[in-house]
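Student: Hi! I have a structure open and would like to talk it through with you. Could we start with the surface and then go into the details?

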Amino acid sequence: VTAMGDNARKVTLSVTEPPNPSIRVNPSGAARTQELKASLHKIVDITGASLVCDYENSTGNYLADVEGNVYMDLYSQIASIPVGYNNQRLRDSAQSPQMISAMINRPATGFFPRHDYAEILKEGVLKVAPQGMPHVWMALSGSDAIESAYKAAFIWYRRREAWTPKECTSCMENQSPGSPDLAVLSFTNGFHGRMFASLSTTRTKILHKMDIPSFNWPQAQFPRLKYPLNEHQAENQAEENFCLQEAARIMDNWHCPVAAIVVEPIQSEGGDNHASSEFFRGLQAIASTRGAAFIVDEVQTGVGSTGAFWAHEHWKLPSPPDIVTFSKKFQAAGYYFSNPEFRPQLAFRLFNTWLGDPCRAILAKAIVEEIESRNLIQLVQEVGTYLQEKLTELSNSRPGHLANIRGQGTMIAWDEPSTEQRNDLVASLRRSGFIVGTSGEATVRLRPMLIFEKKHADVFLSALSAITE
């Protein structure tokens, strides 16, 4: 039993973790790592890879590589591993007869759905659906979920009983009126995917967008807040009010109708940027009064990391969002929607061969069971508070490091003085056996798994303190 705060919780790790990271060899110069990377790179581009991993020997919060190094993983595969490496419940789910059947008989779900698919979804993905959002569309990835959500929003925005002959011929030529000029409003520093419609709303790195045709869609300023948030309330409120006014002005004056607003609860790749609940409630009101869809992109923030199953639950919205996308830690992808009118009236308007993957939905069910049985949302709340408090204490004695500490739950970040200093710190942590992420210009971001405990935080904090001393 691990006691945290006033409550005691039964925590049973599915695997035996090592007590600390263990680094034997620098993988950047190790022969086996270089050999395996070279062999794989002949087949698929892995230019960005730094490790070759040994997943069979990875356990809980710890990731092993082929050199025998063991790292504490505070990045969790870009925020996508929920309950640890080699989790026993997920292993049992993967070896179940239901999973084997779903793997070897993957259905074209729109035509030939599984007899038990409704139950699989009800017991997992829909069991934890955001309040007031009883409908789901399953997809293949986060970008696919966003692309499909935009399509659903456009179809809903143009909902009509019949199509004219001119619309039918013009759409086949990519011309109006069948191919209408409509837009989605996104925000500076937002990230929503790397495909085409999703990429048009991504506003982070040049390398994502260069050379790729894009839609002429608007962006509004996401609030640039000062931290700590509770010490700059007046300035931050003024900034958020300005951004809301700008969003409303763009909606009213763009050259074509804006059918949807899309926003992340925490801008993750763009620098771990936060905004208040009042800001998001204001965005919803702007969308609602203009007949546009309000889309909340929870691909990275969903499934517990902020201390709520869905980050937008913190906002206390007067009504549910129109669409909430998910992927990453759910191991499945798709979006929830609140209004049944977001389901197209005609079949095949939103369609692909698989319409998601029953295997992923089965894993999502096991993830929900693991989160609930181990009370992991509460663990995230308590460990997140502890970790932020300790980081703040450390920053007070490290004036050259750890500025602007911020976060919700264990989705925590801070800024270093420059990109170079940030990258040096991340590299030093890696050499010491800790994997963390980066975002924005000079931000370090933590994305630990939901099973990250106080004891893991203490090991990390000790190493961070020594490196920044």
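Tutor: Happy to! Accessible areas here come from the Shrake-Rupley method with a 1.4 Å probe. Keep in mind that this is a predicted model.

Student: Good. What does the accessible surface of the protein come to, and what share belongs to carbon and sulfur atoms?

Tutor: The accessible surface is about 21,600 Å², and carbon and sulfur atoms account for 52% of that.

Student: And how many of the residues are buried, as a percentage?

Tutor: Buried residues make up 55% of the 469 in the protein.

Student: What about the overall dimensions, say the box along the principal axes?

Tutor: The C-alpha atoms fill a box of roughly 70 × 60 × 50 Å along those axes. The radius of gyration is 23 Å, which agrees with the value near 23 Å that a compact globule of 469 residues would have.

Student: How many helices and strands does the protein have?

Tutor: There are 15 helices and 16 strands. As for how the chain meets itself, take the contacts between residues at least 6 apart in sequence: 71% of them join residues at least 24 apart.

Student: Charges next. How many positive and negative side chains are there?

Tutor: The protein has 44 positive and 50 negative side chains, and the centres of the two sets lie 3 Å apart.

Student: What follows α11?

Tutor: Glycine 291 does, and its phi is positive, near 70 degrees.

Student: Which residues have a positive phi without being a glycine?

Tutor: Asparagine 189 is one of them, with a phi of about 70 degrees. It sits in the loop between β6 and α8 (197-200). Aspartate 211 is another, with a phi of about 75 degrees, and its place is the loop between α9 (206-209) and β7.

Student: Why does aspartate 211 count as exposed, and why does asparagine 189 count as partly exposed?

Tutor: Exposed means over 50% relative accessible area, buried means under 20%, and partly exposed is in between. Aspartate 211 has 71% relative accessibility, so it counts as exposed. Asparagine 189 has 32%, so it counts as partly exposed.

Student: Back to peptide bonds. Where are cis ones found?

Tutor: One joins serine 176 and proline 177, with omega about 10 degrees. Proline 177 lies in the loop between α7 (165-171) and β6. Another runs from tyrosine 227 to proline 228, with omega near -5 degrees, and proline 228 is in the loop between β7 (219-220) and α10.

Student: Last one: is serine 148 buried or exposed?

Tutor: Serine 148 has 8% relative accessibility, so it counts as buried. Its place is in helix α6 (residues 142-157).

Student: What is serine 148 in contact with, leaving aside its neighbours within four places in sequence?

Tutor: With those set aside, serine 148 is in contact with Trp137, Tyr335 and Leu350.

Conventions. Residues are numbered from 1 along each chain as its sequence is written. This is a predicted model: local features need pLDDT of at least 70, side-chain atom pairs count only at pLDDT 80 or more; totals for chains, interfaces and linings use all residues. Side-chain values use heavy atoms; hydrogens and water are left out. Helices (H or I, at least four residues) and strands (E, at least two) are DSSP runs, numbered from the N terminus. The radius of gyration is taken over C-alpha atoms; the globule rule is 2.2 Å times the number of residues to the power 0.38. Buried means under 20% relative accessible area, exposed over 50%, partly exposed in between (1.4 Å probe, protein chains only). Contact means heavy atoms within 4.5 Å. Lys and Arg count as positive and Asp and Glu as negative; His and the chain ends are not counted. The place of a charge is taken as NZ of Lys, CZ of Arg, CG of Asp or CD of Glu.
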